[in-house]
Amino acid sequence: MNQIFAADALLPTGWARDVLIAWDGAGRITAVTPNMQRPEGAAMALGPVIPGMPNLHSHAFQRAFAGLTEYRGQAQDSFWSWRNLMYRFAQRITPQALEAIATWLYIEMLEAGYTSVCEFHYVHHDTDGRPYADDATLSLALLRAAHTAGIAITLLPVLYQSSGFGAKPPRADQARFIRSTDNMLSLLERLAPAAQAQGAVLGLAPHSLRAVPPDSLTAAVQGLTALNPQAPIHIHIAEQTQEVEDCIAWSGQRPVQWLLEHAPVDERWCLVHATHMTPAEYAGAAVTGAVAGICPTTEANLGDGIFDMPLWLQHGGRWGVGSDSHACVNAAEELLMLEYGQRLSRRQRNVLAHSSQPEVATAMTLQAVQGGAQASGRWVSGAAAGIAVGQSADWVVLDAQHVALRGLPAPAMLSAHVFASHRTSAIDSVWVGGARRVAQGRHALHDRAASAFASARASTIAPD
């Protein structure tokens, strides 16, 4: 039997002492027993054990683009000017470069406390916009990257058909993204065996309301449901105020309002960003059981705005975090940025703590793990996600000897990890499916993958 013993572990019910965790050969937790004596032969965790964080929103290729747009290119830069530059970069990605970039990114994620990733994948075709001989070429590159790194993946091929509301024709620089609805459903059927072979979850991402006309959205969701009624569905929604204004001009409704009235939004859905909602939209979206996918460092980097988390939680809303464009790849820092954004907007402290859990880092971790697991489709439905029987054996061991953590009680160690350390520097090891992927803060493939990433980035940004 596989076992690890922790002096302190963060379980779905809160912190517990002297916890023995056991898991089977399939990487599923079979027992979680607090108040135990350490059995002979059980490995000893070198610090508090916390649940692995799901990363519920990733565009892997953008990691090689991070840091390259931090200059003013026009009188007033915005998300939209950034997007033009990103499109230019996306036109140059090759399958080999994508695999190298994604492999390094997924290793970074593991070293930073993420144990699974939802890959929102929309670069589908060759650089001239024509399909590859194998239409699944780039999707398979991402699956291989996840397998090499050892991170669990939810692959979400993106349906992208138009450049704006009202089915505006796609731009020339969007040619690599475009698929018909039938073609997308065929791709999902093609990918299903490969995903199943490595334990990956396969879902669908209608890119946004501006990129997927209503009839296509309906047909795609119906087609996906016929293939797998539990498959997750992720969509960008209400990220930018211009998006909201354009949606009103097109339909007379705001994006979330329109989606709730025209799509079967439920627990399978992840509403990515959802930054600009009215109080009625917060209430209406929360009651569906959908997860809000918050990406604090990317939303800050792009000037998106700040999600009203207290209002969302007031309605029982579920949420998780993602690193999105990967300006930052750090699970703890996403939590820090989320809390600090709420503090800045409300001029209060410890906003996301609550009466039953006054430790803000603990409260955020438990909520983000639960929502992220739901959005990834990688949880046992109806059960608490995290370190619990039946769930995947995914966890992070903090380094109790790190200077920011040393000598503190376990809840304070987690607080120091999020708010007072260099974040990943306080991580000792990371486990996925019962396999240790990071030891002493480092992945076995760190150096080799970093070198391959640097080469792939250099070739992608090199002048013609």
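Hi everyone. Helices here are DSSP runs of H or I with at least four residues, strands are E runs of at least two, and both are numbered from the N terminus.

A word on the source: this is a predicted model, so local features need pLDDT of at least 70 and side-chain atom pairs count only at pLDDT 80 or more, while totals for chains, interfaces and linings use all residues. Residues are numbered from 1 along each chain as its sequence is written, and side-chain values use heavy atoms, with hydrogens and water left out.

Back to H4. The helix bends by about 40° at Leu 191, with Pro 193 following within four residues; the bend is the angle between axes fitted to the seven residues ending there and the seven starting there. Which residues of H4 are buried? They are Thr 181, Met 184, Leu 185, Leu 187, Leu 188, Leu 191 and Ala 195. Buried means under 20% relative accessible area, exposed over 50%, and partly exposed in between, with a 1.4 Å probe and protein chains only. Their cover includes helices H3 and H5 and strands S8 and S9.

Now the cores. A nonpolar core is a set of buried Ala, Val, Leu, Ile, Met, Phe, Trp, Tyr and Cys residues joined through side-chain atoms within 4.5 Å. The largest one has 131 residues, and Tyr 106, Leu 259, Trp 269, Trp 312 and Trp 319 touch the most other members. Helix H2 gives the largest share, 11 residues. Apart from this core lies another, of 17 residues, including Val 19 and Trp 431.

On to the cysteines. How many disulfides are there? The structure holds 0, a disulfide being a pair of cysteine sulfur atoms within 2.5 Å. For Cys 270, the closest cysteine sulfur is in Cys 118, and at 7.0 Å that is too far for a bond. Cys 270 has 0% relative accessibility, so it counts as buried.

Last, the rings. Rings of Phe, Tyr and Trp (its six-membered ring) pair if their centres lie within 6.5 Å; planes under 30 degrees apart are stacked, over 60 edge-to-face, the rest tilted. That rule gives 16 aromatic pairs. Phe 61 and Phe 89 are stacked, 6.4 Å centre to centre with 15° between the planes. Phe 61 sits in the loop between S6 and H1 and Phe 89 in H1, so this pair ties together parts 28 residues apart in sequence. Both Phe 61 and Phe 89 are buried.

Note on methods:
Contact = heavy atoms within 4.5 Å.
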